Amino acid sequence: MEIRVTVPILKNRPGVLLFGPEVERFSEPIEIDQYFSVRFSQSGLENMIIGIRRRQYADWAWQQLSRLGEELTAEADSTALLCPVHLASHWESAGVIPYAYQLDTVRRVVHEMGGRAILADEVGLGKTIEAGMILKEYLLRGLVRRALILAPASLCWQWFQELREKFHIPAVIQRSEHDWNTCQFIVASIDTAKREPHLSRILNIHWDMLIVDEAHRLKNSRTQNWQFINAIHKKYFLMLTATPVQNDLKELYNLITLLKPGQLGTYSEFKRRFTAGKRTPRDPEMLRSLLRQVMIRNRRGAATVQFTRRIVQSLTVELTPAEKELYRSVECFIRQQVQRSLTEKKTILPYITLLREVCSSPWAAVLTLKKLHDKAPLELRTQLARLLELAAQIENSAKVEQVLALLPRLDGKVVIFTEYRGTQAFIKKHLEAAGLGVVAFDGTLSAGRKEFTKFLFKRYGDVLVSTESGAEGINLQYCSKVINFDLPWNPMRLEQRIGRVHRLGQTNDVYVFNLAVRGTIEEHILRLLYEKIKMFELVVGELDAILAQLHLDRSFESHLIDIFIRSESESQLIRELDQLAQHILRTRQELTKSSLLDLLP
């Protein structure tokens, strides 16, 4: 006896709108075995999936039948992707070039991994583009109608922009708790989404696709982030991270289990089969074969993308006499106040910030000096008033003069980074006085204003002066000259600055100019980063792994502050920084010998 079961296939007929009226269409019967043959329709599978979620079909046979229909849908025209054909003319006008390795990634995720994968490409190879192509592919196949993209807040706008401009996906950035039920494609901050009232609404929705950017934040299964993502109902699931494992094989286990529970067995089984130590895998080939089923990692090279060169030059600046007097006076004042604050167990951060601002510009120092003066006890106000007067009288800056001398030698648009808005205003004032078209970019700008500012710079500007908070999430591949007007003490932030320009899509060699004031703490920091640990020669992503492996009790920046505080002389400061540099170099050598990233497929 032959039983015929109608099972759907969600595939749009050419010319039928994705969310328009359904046009029922059946395939020829496909014989499953001697008892069953299957015909496919358009709407049935969707209804069945809804029924499964509502537990209307408790029998395992229904689950298998639903999965079979879904797999056959994904395998239809198995060698052809719909997304590149559908977007071909748009990509041509928008200047988007899909690389062969990206198309292969989409093909593997759709046809081999069932829409659940970790995209672990090295930094700069376009994981966001790959995820957008996968989402669009499933949209065109009719398998996704609702998607949630969770990312750090600083990257939400970039996701919103990429999905709309490159893939014609009508995504929205989540603004209110009502967006969850009214919008089909939502980009949201993971920190906002995991809090009420948003949490309950998200968990009550069945998402066709969930995409999580910066997924290395989910390495610990005890964290709220991991448990939140694990609780979301999702059919397809993409996690994006360049570093799925760094310090412990358990990090890898937690990520894989979140994506596909059971892929690596229970944790006790995983430990017995695959771990000889915290960082030492057992049977790496077998583990790699299991990872290959759920993870794709593209690496730089001939098969993917060859990045342009990064050419770095450090420029040491001699302060003007007025600036030198200000720096020495502030340094003396700070050393006195730091010891006093430590004795009284008060924060010293404003004083450290002030010292760094003096190295940046007098305008940056003025703002902090004014705040300190207004809050200071009476016995300190006279001294702070004198420092404030010294800073306010300085009209010219040695660093600005260096920039003005450098700019005529540089072709094309230039990006200048600074940590401080006071310095940003100072630079903008002097460059505009020199007749240059200057655009300022900082974190206070609204999303719309940021876009307008980017448009102005790309179309008309000569120089973009940006703070670090303003530069988060923006891409400036059309520039190839970067000037670091001042240096952050966290080397990752310095790398992120340069990464705004030196990334996928950059066709020119990137020139980086680092300014540092001679005879100041800034010069010692530059010496540490540039000469000692050769930070600018590190592979992108390697620095993050090194800093994580240092096992400092506090952040790298806080560690540098401690060194400055306990150094009673310049020679001691140099000696302490040299010891830190040696520690970093030893850590790099250890990671080179036994990098867990080498385990990845």
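**View 1. An open sheet of six parallel strands.** In this predicted model, where local features need pLDDT of at least 70, side-chain atom pairs count only at pLDDT 80 or more and totals for chains, interfaces and linings use all residues, six strands line up in the order β11-β16-β15-β12-β14-β13. The sheet is open, and its pairing is parallel. Two strands count as paired if DSSP finds at least two bridges between them. Helices (H or I, at least four residues) and strands (E, at least two) are DSSP runs, numbered from the N terminus. Strands of a sheet pair through backbone hydrogen bonds, either parallel or antiparallel. The edges are β11 (310–317) and β13 (438–441). Each has a single partner strand, so one side of each is left without a neighbour in the sheet. On average, neighbouring strands are turned by 20 degrees against each other, direction ignored. Residues are numbered from 1 along each chain as its sequence is written, and side-chain values use heavy atoms, with hydrogens and water left out.

View 2. β13 pairs with β14 (residues 463–467) in the parallel sense. Four bridges join them. Phe441 has Ser466 in β14 as its bridge partner.

**View 3. Helix α6 crossing helix α7.** The axes of α6 (residues 127–140) and α7 (residues 153–167) come within 10 Å and cross at roughly 55 degrees. That makes α6 oblique to α7. Axes are lines fitted to C-alpha atoms, for helices over the stretch in contact, and angles run from 0 to 180 degrees between N-to-C directions. Angles under 35 degrees count as roughly parallel, over 145 as roughly antiparallel, 65 to 115 as roughly perpendicular and the rest as oblique. The crossing is right-handed, meaning that the near helix is turned clockwise from the far one by less than a right angle. Contact means heavy atoms within 4.5 Å. From α6, the contact residues include Ile129, Met133 and Leu135. Those from α7 include Trp159, Leu163 and Phe167. The contact residues divide into seven nonpolar, three polar and three charged. Ala, Val, Leu, Ile, Met, Phe, Trp, Tyr, Cys and Pro count as nonpolar, Asp, Glu, Lys and Arg as charged, and the others, Gly among them, as polar.

**View 4. Helix α12 crossing helix α13.** The axes of α12 (residues 249–259) and α13 come within 11 Å. They cross at roughly 135 degrees, so the two helices are oblique to each other. This crossing is right-handed. Leu249, Lys250 and Tyr253 of α12 meet Tyr267, Phe270 and Phe274 of α13. Five of the contact residues are nonpolar, none is polar and one is charged.

View 5. Most residues other than glycine have a negative phi, and most peptide bonds are trans. The peptide bond from Glu196 to Pro197 is cis, with omega near 5 degrees. Pro197 sits in the loop between α9 (190–193) and α10 (198–203). Glu214 has a positive phi, near 50 degrees. Its loop runs between β8 (206–212) and α11 (224–231). Asp283 also has a positive phi, about 55 degrees. Asp283 lies in the loop between α13 (267–274) and α14 (284–292). Glu214 is partly exposed at 27% relative accessibility, and Asp283 is partly exposed at 40%. Buried means under 20% relative accessible area, exposed over 50%, partly exposed in between (1.4 Å probe, protein chains only).

**View 6. Gln306 and Thr507.** Gln306 is in the loop between β10 (295–296) and β11. Gln306 counts as exposed, at 61% relative accessibility. Its C-alpha atom is separated from that of Thr507 by 9.9 Å.
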